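Please keep the sequence and the structure in view while reading the points below.

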Amino acid sequence: MQIQAAIATRPEDPFEIKSYDLESPRSDEVLVRMVASGICHTDIAVKDQDVKLPLPMILGHEGAGIVEAVGSGVSHLQVGDHVVLSGDSCGVCSKCQQGRTSYCDEFVERNLTGCRVDGTSPVHEHDELVNGRFCGQSSFATHSVTPGRSAIRINPDYPLELMGPLGCGLTTGVGTVMNALQPKPGQSIAIFGTGTVGLAAIMGAVLSGCTRIIAVDPVASRREMALDMGATHALDALDPALSDEIIGLTGGGADFSVECSGVPAAVAVAIACLGRPGMCAQVGATPAATIHPLDMDHLGFGRGIKGVVLGDANPQTFVPYLSDLHAQGKLPYDRFVKYYDFADINQAVADSKKSEVIKPILKIG
Ligand SMILES: [Zn+2]
Ligand SMILES: [Zn+2]
C-alpha cells in the first residue's frame, strides 16, 4: 500500500513528507494506521546526527493508532484495537524472559538500525529499501508495519491522540523513578532537565511518595511547569551554588537524582548532590564516547550512578498502567502537550528546540 511518511535525510535539511510503499505485515507483525505521534528529543538528536544512526530514515517512536491488519502469529491484538507503539524486543533472550525488555540482547538491532533483524525494512521507494523500522515503528507516517510485541493495546475510551508519548517519554520518566530507583515514601530526589522525561520523573516521584522533589532546569517556564507537576522546589541549572542548595534542601544530600539532559555539567551536579547512600539514574542521551570523570571518594560512601533505558519497564504492562493513571488524573501530562498537523512537523521541531513546547504531538490521521 501507499503511505505518506516524513523522512530525515541530512541534519541541514528539513523533514520531507513523501510517498512510500509499505509491505503487508509478516506473521509476527501488525499494520497500524497512525492517529498521532509524539516527537521525542531522540528523534531530533538522530535527525541532527548528535546521535549517529543511519540516515535517511523515517523517525518517530511515540506512535498511537488503530490496528488495521494482524499477522497470523500475533494472538494478543485484533483489527480495530487502539494501540500505543513502543520499542521492539526479541521476547526470547534472558532479559526479555525477565520482563526487562529494554535490555534485550537485540535492542540495538531491532530499534536503532531502521531495519528488521534480517536487514529488511517494510518500507520501500521504487523497490529500494527505506529505513522504516526506527524503534520498531517509524511513526512519522500515516501507517506502520510494526512487530506485534511493539504494539500495546489500550482502553478505547482513552484519548488515543494523546497516548503516544506513553510509549517513550512518560515510560522513561515515570519508570526510571518507580522501577529503577524505587524511592520509599518520604525520601528526596533531584531531577535535572524538565522536558517530558524530567516532568514524568517528577510525577513518578509524587506517586512514590517523595516529599522533597527538586527540579533543576535553565528555562524559567519549565521550572514553573515542574512546580505544577508536583516538584516541591525548582532551581536554576545555571546557579553556581546548585549542588550546595540541593544538599541544604534535602538535609545532607538527595537520596536519588535523575539526570535527563545528557549535559556533562549536569551529570557532575547530579552525582555531587547525592547524600550517603544515594543513587543517580542517567537517562539523558549523550553523544557517543562521552567520558565523565568521577570522584571515587565521593562514590565510596554508598553512592552510585546507573544508566536506565526506557524506565526499566516492560511496555506491554507499564503503558496500560500509565494510561490508567492519566485517566485517574494522576499523570496530567496533557498540560504540557501541544498538537501540530503532520505537515507542520518542521515547525514542531523548531518550537521544541526553542523550548516553546515541551511535548509536541503530530496529528496524523
Ligand atoms: Zn524517545
Ligand atoms: Zn530479548
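A crossing of two helices is called left-handed if the near helix is turned anticlockwise from the far one by less than a right angle, and right-handed if clockwise. By that rule, the crossing of α5 and α6 is right-handed. The model is predicted: local features need pLDDT of at least 70, side-chain atom pairs count only at pLDDT 80 or more, and totals for chains, interfaces and linings use all residues. Residues are numbered from 1 along each chain as its sequence is written, while chains are lettered from A and ligands numbered from 1 in the order in which they are written.

**Domains**

- The protein is divided into domain 1 (2-167 + 332-363) and domain 2 (173-309), with bounds that come from an automatic or database domain assignment.
- The centres of the two domains, taken over C-alpha atoms, are separated by 29 Å.
- Domain 1 contributes 15 residues to the contact and domain 2 contributes 12 residues; two residues are in contact if their C-beta atoms, placed from the backbone, lie within 7 Å.
- On the side of domain 1 that touches domain 2, helix α1 (residues 41-47) gives the most, with 3 residues; helices (H or I, at least four residues) and strands (E, at least two) are DSSP runs, numbered from the N terminus.
- That side of domain 1 consists of 7 nonpolar, 4 polar and 4 charged residues. Ala, Val, Leu, Ile, Met, Phe, Trp, Tyr, Cys and Pro count as nonpolar, Asp, Glu, Lys and Arg as charged, and the others, Gly among them, as polar.

**Helix packing around α5**

- The axes of helix α5 (residues 169-181) and helix α6 (residues 196-208) come within 7 Å and cross at roughly 40 degrees. Therefore α5 is oblique to α6.
- Axes are lines fitted to C-alpha atoms, for helices over the stretch in contact, and angles run from 0 to 180 degrees between N-to-C directions. Angles under 35 degrees count as roughly parallel, over 145 as roughly antiparallel, 65 to 115 as roughly perpendicular and the rest as oblique.
- Residues in the contact include Gly169, Leu170 and Val174 of α5, and Gly198, Ala201 and Gly204 of α6.
- The contact of α5 with α6 holds 11 nonpolar, 8 polar and no charged residues.
- The axes of α5 and helix α11 (residues 315-327) come within 10 Å and cross at roughly 90 degrees, so α5 is roughly perpendicular to α11.
- In this second contact, Leu170, Thr171, Val174 and Gly175 of α5 meet Pro315, Phe318, Val319 and Leu322 of α11.
- By class, the contact of α5 with α11 has 6 nonpolar, 2 polar and no charged residues.

**An open sheet**

- An open sheet is formed by 5 strands in the order β4-β1-β2-β7-β8, with antiparallel pairing; two strands pair if DSSP finds at least two bridges between them.
- β4 (57-58) and β8 (128-130) are the edge strands, each pairing on one side only.
- Strand β1 (residues 2-8) and strand β2 (residues 16-22) run antiparallel and are joined by 6 bridges.
- Ala6 has Ile17 in β2 as its bridge partner.

**Backbone features**

- Most residues other than glycine have a negative phi, and most peptide bonds are trans.
- Leu55 and Pro56 are joined by a cis peptide bond, with omega about 0 degrees; Pro56 lies in the loop between α1 and β4.
- Gln49 is also placed in the loop between α1 and β4, and its phi is positive, near 65 degrees.
- A cis peptide bond also runs from Arg276 to Pro277, with omega near -10 degrees; Pro277 belongs to strand β15 (residues 274-282).
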